[in-house]
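Trainee: I have a new model on my screen and would like to go through it with you. Please take it one question at a time.

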Amino acid sequence: MQVNRELFNEVMVPNYNPSEVIPVKGKGSRVWDQKGDEYIDFAGGIAVNCLGHCHPALVNALKEQGEKIWHLSNVMTNEPALRLAKKLTDATFGEQVYFANSGAEANEAALKLARRWAIDNYSEEKTQIIAFNKGFHGRTFFTVTVGGQAAYSDGFGPKPQDVTHVDYNDLETFAKLISDKTCAVMMEPLQGEGGIIPPTSEFIQGVRELCDKHNALLIFDEVQTGVGRTGDLYAYQGLNVTPDILTTAKALGGGFPIGAMLTTKEIAKHLKIGTHGSTYGGNPLACAVAEAAFDTVNDAQLLADVKRKEQLFRDGLAAINEKYNVFSEVRGKGLLLGAVLNDKFNGRARDFLVASGKHGLMALVAGTNVVRFTPSLVIPDEDIQAGLARFELAVADVVNG
């Protein structure tokens with residue numbers, strides 16, 4: 001069978017529009033396509049491949065568990081799931097874990113738990129969820145409604161009710177919206193899809209305090225920021241604010257699908273037997289790979305190195321900008337960075353993305369005005385330099401028309 005981009009149009013539902021490039025092999029931060037062309041990967045599968053491609057620890061875990069047991073369902077538990085849950089709770093505020101298959105599923109569980117907690121403890125009227133414009137929390141109908149981008153949730157009929165949105169970093173408006181009828185506030189501790197927007201200290205501290213005042217749960221969606229992406233194991237640990245519920249996915253499995261929700265025992269008890277579930281959640285194959293990824297990333301030296309690599313990116317992007325004057329700023333933290341286009345190139349992020357691909361660089365966008373970089377956390381310095389050199393060629397192409 002001939003496998004090419006045309007086959008996609010024939011057999012796949014058209015909700016994606018992938019590039020013509022079909023990668024077939026990856027090693028570390030390098031990828032090769034069907035033609036043998038090489039790419040440097042600054043995208044990481046959208047912040048998923050935290051250890052690059054085919055990392056030995058993950059490959060070995062997959063092979064080893066693949067020879068043992070693949071699936072049991074949650075009628076029984078399994079060793080990899082229990083080991084991973086213990087490591088997650090030892091390393092975070094969380095005391096208990098619920099496993100799912102994706103960030104959207106982890107967020108769905110978090111939102112359902114928050115509503116159940118509020119109704120059990122307070123009243124049927126305590127159901128309001130406050131979230132933030134430009135936020136992104138997944139594509140299930142509940143999570144896409146809570147996400148603050150109407151373009152993703154419009155057109156599917158009536159939406160889940162009692163969801164309110166406010167601008168990120170607008171504490172004054174948020175304070176007017178939250179009340180004793182608010183059951184939960186869901187937020188990213190650094191907005192990803194919305195443009196790599198960090199919170200101010202005043203804002204995130206204020207949200208925590210107002211949640212406490214009104215007996216509302218604070219849910220941190222750390223699907224993109226978690227597992228070392230910002231240079232802390234989880235972003236909340238670098239913000240001096242602890243959520244009540246945390247969701248994690250993407251990098252948790254280093255490329256193998258898995259998600260998790262972490263919370264306290266006092267909150268977790270409201271998901272009683274039968275109130276929620278997942279056929280594949282806690283799958284031993286996924287948990288074995290995730291355990292290997294977590295063990296590798298949860299290392300002080302590796303996390304410190306993420307912050308050092310951030311500076312290499314910032315220095316390189318600053319040098320490019322000195323020559324071509326295309327960015328107004330670089331936002332983000334660790335290896336979740338966004339180069340914001342200035343007024344002259346406003347709305348042209350995709351042009352930079354396409355040009356990067358032509359020069360052998362895999363990059364991302366975050367909206368129409370931000371070029372996003374989420375490479376492997378262990379990307380070698382020389383690959384950063386080489387990738388930035390390719391990105392400079394792409395920038396030159398766009399600038400010179």
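Trainee: By class, how many nonpolar, polar and charged residues are in the lining of the largest cavity?
Mentor: A word on the source: this is a predicted model, where local features need pLDDT of at least 70, side-chain atom pairs count only at pLDDT 80 or more, and totals for chains, interfaces and linings use all residues. Residues are numbered from 1 along each chain as its sequence is written, and side-chain values use heavy atoms, without hydrogens and water. The lining of the largest cavity includes His-71, Asn-74, Tyr-280 and Pro-284. With Ala, Val, Leu, Ile, Met, Phe, Trp, Tyr, Cys and Pro as nonpolar, Asp, Glu, Lys and Arg as charged, and the others, Gly among them, as polar, the classes come to four nonpolar, eight polar and no charged residues.

Trainee: How much space lies in the largest cavity?
Mentor: On a 1 Å grid over the protein atoms alone, a cavity is a set of points where a 1.4 Å probe fits but cannot get out; a pocket is an open set with protein on both sides within 12 Å along at least five of seven lines, and lining residues have an atom within 4 Å of a point. The whole structure holds one cavity of 30 Å³ or more. Points are joined across faces, edges and corners, and volume is the space filled by probe spheres set on them. For the largest cavity, that space is about 40 Å³.

Trainee: Which residues lie nearest the centre of the second largest pocket?
Mentor: That pocket has a volume of about 680 Å³, and 12 nonpolar, 13 polar and two charged residues make up its lining. Helix H4 (79-91), strand E4 (96-100) and strand E10 (259-263) each give at least two residues to this lining. Of the 27 lining residues, those nearest the centre are Asn-74, Val-97, Tyr-98, Phe-99 and Gly-281.

Trainee: How many residues of strand E7 are buried?
Mentor: Helices (H or I, at least four residues) and strands (E, at least two) are DSSP runs, numbered from the N terminus. Buried means under 20% relative accessible area, exposed over 50% and partly exposed in between (1.4 Å probe, protein chains only). Strand E7 (residues 182-187) is largely enclosed by the rest of the structure, because its buried residues number six of the six.

Trainee: Which residue in E8 stands opposite Met-186?
Mentor: Strands pair if DSSP finds at least two bridges between them. E7 runs parallel to strand E5 (residues 128-132), with three bridges, and Ile-130 faces Val-185 there. E7 also pairs in the parallel sense with strand E8 (residues 217-221), over four bridges. In that pairing, the residue opposite Met-186 is Ile-219.

Trainee: Which are the edge strands of the open sheet of four strands?
Mentor: This sheet has the order E1-E2-E3-E13 and mixed pairing. E1 and strand E2 (residues 30-33) are antiparallel over four bridges, with Lys-25 opposite Trp-32. Pairing on one side only marks the edge strands, E1 (23-27) and E13 (361-362).

Trainee: Within what arc do the buried residues of helix H3 fall?
Mentor: In helix H3 (residues 56-66), Leu-58, Ala-61 and Gln-65 are buried. Those buried residues line one face of the helix, because, by the directions from the helix axis to the C-beta atoms, they fall within an arc of 65°.

Trainee: How far apart in space are Lys-213 and Ser-179?
Mentor: Lys-213 belongs to helix H9 and is exposed, with a relative accessible area of 60%. In sequence, Lys-213 and Ser-179 are 34 residues apart, yet from C-alpha to C-alpha the distance is 8.8 Å.
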